[in-house]
Amino acid sequence: MRRGRYGTAAALAAVLLLAACSTGEQSTLNAVGSGARRTEGLWWLMFWISMGVFAEVMAMLGWALWRRRRAEAVIKGGDALGLVTVLGVAIPLVILVIVYGVGLRDLNALASAPGGADVNVEIIGHRWWWEVHYPDRPGAVTANELHIPVGESVRITLRTADVNHSFWVPQLMPKTDLIAGKTNQTWLHTDRAGSYRAQCAEYCGQQHAFMALLVIAEPRARFDGWVSALAQPSTTTLSAAEQRGRAVFEQGSCAACHTVRGTTAQGKVGPDLSTIGSRWSIGGGAAPNDATHLGRWITNSQTLKPGNAMPPQPVPTQDLPDLIAYLQSLR
Ligand code: CUA
């Protein structure tokens, strides 16, 4: 009785877990990209085969127990050999050949983008952020954010500046590693507009968990507008406070590591900050992008993302609000 109750609880937990997995924003079982749909299909095929095998084994076990109780346990030698040959060799062989065949078919389909690439992107992995370039639009550089047009194929070239990382957009595409000294390629394609969270999927050190990226799939016209703006210096008119903030940024240590297009800040060590004001987060998912967290990040980012490359900045207290206002104006 007790064991039965535990069994029911375990089955219920498994169903709940499965339900949660198939609705999450970072779930491969909630695929909306052509690539992820392939692996999702393969996953369900293997799941149902496993369920079938499990049911068969349980049925055999039940049958054996039932026979044993009725003291008819002995199976004759010939029957036993036949049973083992069919259930233990022939059926598993057929199942493995089917799964192998489907796996090869999917590997081949995942090797190249459907219909060839319409947009090219270069992504460079850093500990612990993503540098994003659009090589077809010189100067279009951003970080931890990737815009793509809906319904078109995007070819992504992957490199790393330090250790190995892995690029993974669970809802759009399976993982592709960024391997030191090597260039890899993958692609993205989705017919549904939306935001899809991506995550580094290869342990790369202390802040591996906060090496996230947001993929934003939008209609072609919006994408074109966004990427054109990204390639050009900002045309926003700055308020007096924002202008003071810009001077602090250009004359202080910020400019040594960060670039803002159209200014004298051309550092290449940290992420390009030309559109920091509109990004979904700061620190690759480490903190929300608001004035409070920007202030904390500037003065001592180690409290938000320990181990990251940016040392604490002794910005005078009276300059900090202007600097934050300037950063928030960069869109
Ligand atoms: Cu990069 Cu884990």
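The legends below describe close-up views of a predicted model.

**View 1. A nonpolar patch on the surface includes Leu65 of helix H2****.**
Six side chains make up this patch: Val53, Phe54, Val57, Met58, Leu61 and Leu65. The patch lies on the surface. Together these residues have about 540 Å² of accessible area. Leu65 belongs to helix H2, which covers residues 34-69.

**View 2. Aromatic rings gather around Trp44****.**
Rings can be compared in pairs by two values: the distance of their centres and the angle of their planes. The model holds nine aromatic pairs. In one of them, Trp43 and Trp44 have ring centres 4.9 Å apart and planes at 85 degrees, so this pair is edge-to-face. Trp44 also pairs with Phe47, again edge-to-face. Here the centres are 5.3 Å apart, with 85 degrees between the planes. Trp44 and Phe47 both sit in helix H2. Three residues separate them, about one turn of the helix. Ring pairs link Trp43, Trp44, Phe47 and Trp48 into a cluster. Trp43 is partly exposed, at 35% relative accessible area. Trp44 is partly exposed too, at 25%.

**View 3. Five strands form an open, mixed sheet****.**
Strands of a sheet pair through backbone hydrogen bonds, in parallel or antiparallel fashion. The order in this sheet is S3-S2-S1-S5-S8, and the pairing is mixed. Strand S3 (141-143) and strand S8 (184-188) are the edges, each pairing on one side only. On average, neighbouring strands of the sheet are turned by 25 degrees against each other, direction ignored.

His133 stands opposite Val141 of S3.

**View 4. Strand S10 is buried along its length****.**
Strand S10 covers residues 212-218. Seven of its seven residues are buried, so the strand is largely enclosed by the rest of the structure. Ala212, Leu214, Ile216 and Glu218 point one way from S10. Leu213, Val215 and Ala217 point the other way. Both groups are buried.

**View 5. Strand S10 pairs with S4 and with S9****.**
Strand S4 (residues 145-149) runs parallel to S10, and five bridges join them. His147 stands opposite Ile216 of S10. Strand S9 (residues 194-200) runs antiparallel to S10, and six bridges join these two. Gly194 has Ala217 of S10 as its bridge partner.

**View 6. Arg105 and Asp106 form a salt bridge****.**
Side chains of opposite charge can pair when their charged atoms come close. The model has nine salt bridges. In the bridge between Arg105 and Asp106, the closest N and O atoms are 3.1 Å apart. Asp106 is buried, with a relative accessible area of 4%.

**View 7. Arg220 and Asp224 pair within helix H4****.**
A salt bridge links Asp224 with Arg220, the closest N and O atoms being 3.6 Å apart. Both residues lie in helix H4 (residues 220-231). They are four residues apart, about one helical turn. Asp224 is partly exposed, at 25% relative accessibility. Arg220 is partly exposed as well, at 34%.

**View 8. Arg261 and Asp272 form a salt bridge from within a loop****.**
The closest N and O atoms of Arg261 and Asp272 are 3.6 Å apart. Both residues lie in the loop between helix H6 (254-257) and strand S11 (281-282), so the pair ties together parts that are 11 residues apart in sequence. Arg261 counts as buried, at 14% relative accessibility. Asp272 is buried too, with a relative accessible area of 9%.

**View 9. Shared partners join four charged residues****.**
Arg137, Glu152, Arg220 and Asp224 belong to one network. Salt bridges that share partners join them. The link between Asp224 and Arg220 is one of the salt bridges of the model.

Definitions and conventions:
Residues numbered from 1 in each chain as written. Predicted model: local features only at pLDDT ≥ 70, side-chain atom pairs only at ≥ 80, totals over all residues. Heavy atoms only, no water. Patch = residues over 30% accessible without salt bridge, like charges linked within 9 Å, V, L, I, M, F, W, Y side chains within 5 Å. Areas by Shrake-Rupley, 256 points an atom, 1.4 Å probe, with all protein chains shown as cover. Pairing = 2+ DSSP bridges. Axes fitted to C-alpha atoms, helices over the stretch in contact; angles between N-to-C directions. Phe/Tyr/Trp six-rings, centres within 6.5 Å; stacked < 30°, edge-to-face > 60°. Buried < 20%, exposed > 50% of the residue type's maximum accessible area, 1.4 Å probe, protein only.
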